[in-house]
Amino acid sequence: MGRLAGKVALITGAGSGIGRASATLFAHEGARVVCVDIDEATASATVDMVVAEGGEAVAVRADVSSAADSETMVQAAEDTFGGLHVMFNNAGIMHSDDGDAQATSEDVWDLTMNINAKGVFLGRRVRNLGTCCTQMRNKRSRIDDGSTARAPHGRNAELASKEHTLGVDVHREIPHIF
Ligand SMILES: NC(=O)c1ccc[n+]([C@@H]2O[C@H](COP(=O)([O-])OP(=O)(O)OC[C@H]3O[C@@H](n4cnc5c(N)ncnc54)[C@H](O)[C@@H]3O)[C@@H](O)[C@H]2O)c1
């Protein structure tokens, strides 16, 4: 039996890269997977891969920087699979125009922070939702992708967004250390 047998896992940014690989891995371990992406076609392609390998998954189009979309994706987990046990806040960007403080435009900063930092913040609010709340509080199965590809010359907005994510995580989730 897989390590995630009987669990429902929601993965944001599941249409590509780490999110897609995680979707197939989680399904291989027995999870039913909610594949969320702002690009519905790529999320659906991930679902096809999971199903082709005998797994169960559903595609949901959602923008993680939107509170309404965040609620929609969690509701989809409830409606389709009856609950939510694992939340992987993975969606993130490293904009090609993200540079140092002088080179990075305000628009690029705002876009990056909205997806990488606010998106994780909104994903964490899932615990305020009925059934999901109870299940997730009991199991504490939440993963935030706070890692960053450290470019040699720095990616101002991307680095800041990930550091924010990790900072919030440490202080909120393991407060007994401080
Ligand atoms: N690949 C790396 O080397 C690396 C290194 C460190 C950290 N990371 C982090 O890992 C995570 C995934 O990286 P990846 O390399 O798989 O990226 P990727 O670009 O391959 O995939 C990201 C996915 O997120 C989706 N997405 C973008 N904006 C979204 C939004 N607003 N709402 C919902 N979905 C959205 C994209 O459509 C895409 O499918 C990111 O948070 C990234 O910062 C990646």
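Mentor: Let us begin with the order of elements. Read along the sequence, the protein chain follows the pattern β-α-β-α-β-α-β-α-α-β-α. Please keep in mind that this is a predicted model.

Trainee: How many helices and strands does the protein chain have?

Mentor: There are 6 helices and 5 strands in the protein chain.

Trainee: What share of the residues of the protein chain counts as buried?

Mentor: The protein chain has 178 residues, of which 44% count as buried. Among contacts between residues at least 6 apart in sequence, 67% join residues at least 24 apart.

Trainee: How does one describe the packing of two helices?

Mentor: Two packed helices are described by the angle between their axes and by the distance between those axes. Here, helix α1, residues 17-28, packs with helix α2, residues 40-52, at an angle of about 30°, and their axes are 10 Å apart. Angles under 35 degrees count as roughly parallel, and α1 and α2 are therefore roughly parallel to each other. Their crossing is right-handed.

Trainee: Which residues make the contact between α1 and α2?

Mentor: From α1 the contact takes Arg 20, Ala 23, Thr 24 and Ala 27, and from α2 it takes Thr 46, Met 49 and Val 50. Sorted by class, the contact of α1 with α2 has 4 nonpolar, 2 polar and 1 charged residues.

Trainee: Let us turn to a single residue. Is Arg 32 buried or exposed, and why?

Mentor: A residue counts as buried if 20 or more other C-beta atoms lie within 10 Å of its own. Arg 32 has 23 other C-beta atoms within 10 Å, and is therefore buried. Arg 32 is found in strand β2, residues 32-37.

Trainee: Which residues is Arg 32 in contact with, leaving aside its neighbours within four places in sequence?

Mentor: With those neighbours set aside, Arg 32 is in contact with Val 8, Glu 56, Ala 57 and Phe 81. Separation in sequence and separation in space can also be read together: Arg 32 and Thr 80 are 48 residues apart in sequence and 9.7 Å apart in space, C-alpha to C-alpha.

Trainee: Finally, which residues around the ligand come nearest?

Mentor: Of the 24 residues around the ligand, Gly 13, Ser 16, Gly 17, Ile 18 and Gly 92 come nearest. Helix α1 gives the most to this shell, with 3 residues. By class, the shell around the ligand has 8 nonpolar, 12 polar and 4 charged residues.

Key:
Residues are numbered from 1 along each chain as its sequence is written. This is a predicted model: local features need pLDDT of at least 70, side-chain atom pairs count only at pLDDT 80 or more; totals for chains, interfaces and linings use all residues. Axes are lines fitted to C-alpha atoms, for helices over the stretch in contact, and angles run from 0 to 180 degrees between N-to-C directions. Helices (H or I, at least four residues) and strands (E, at least two) are DSSP runs, numbered from the N terminus. Angles under 35 degrees count as roughly parallel, over 145 as roughly antiparallel, 65 to 115 as roughly perpendicular and the rest as oblique. A crossing is left-handed if the near helix is turned anticlockwise from the far one by less than a right angle, and right-handed if clockwise. Two residues are in contact if their C-beta atoms, placed from the backbone, lie within 7 Å. Ala, Val, Leu, Ile, Met, Phe, Trp, Tyr, Cys and Pro count as nonpolar, Asp, Glu, Lys and Arg as charged, and the others, Gly among them, as polar. A residue is buried if 20 or more other C-beta atoms lie within 10 Å of its own, exposed if 12 or fewer, and partly exposed in between; C-beta atoms are placed from the backbone. A residue is near a molecule or strand if its C-beta atom, placed from the backbone, lies within 6 Å of it.
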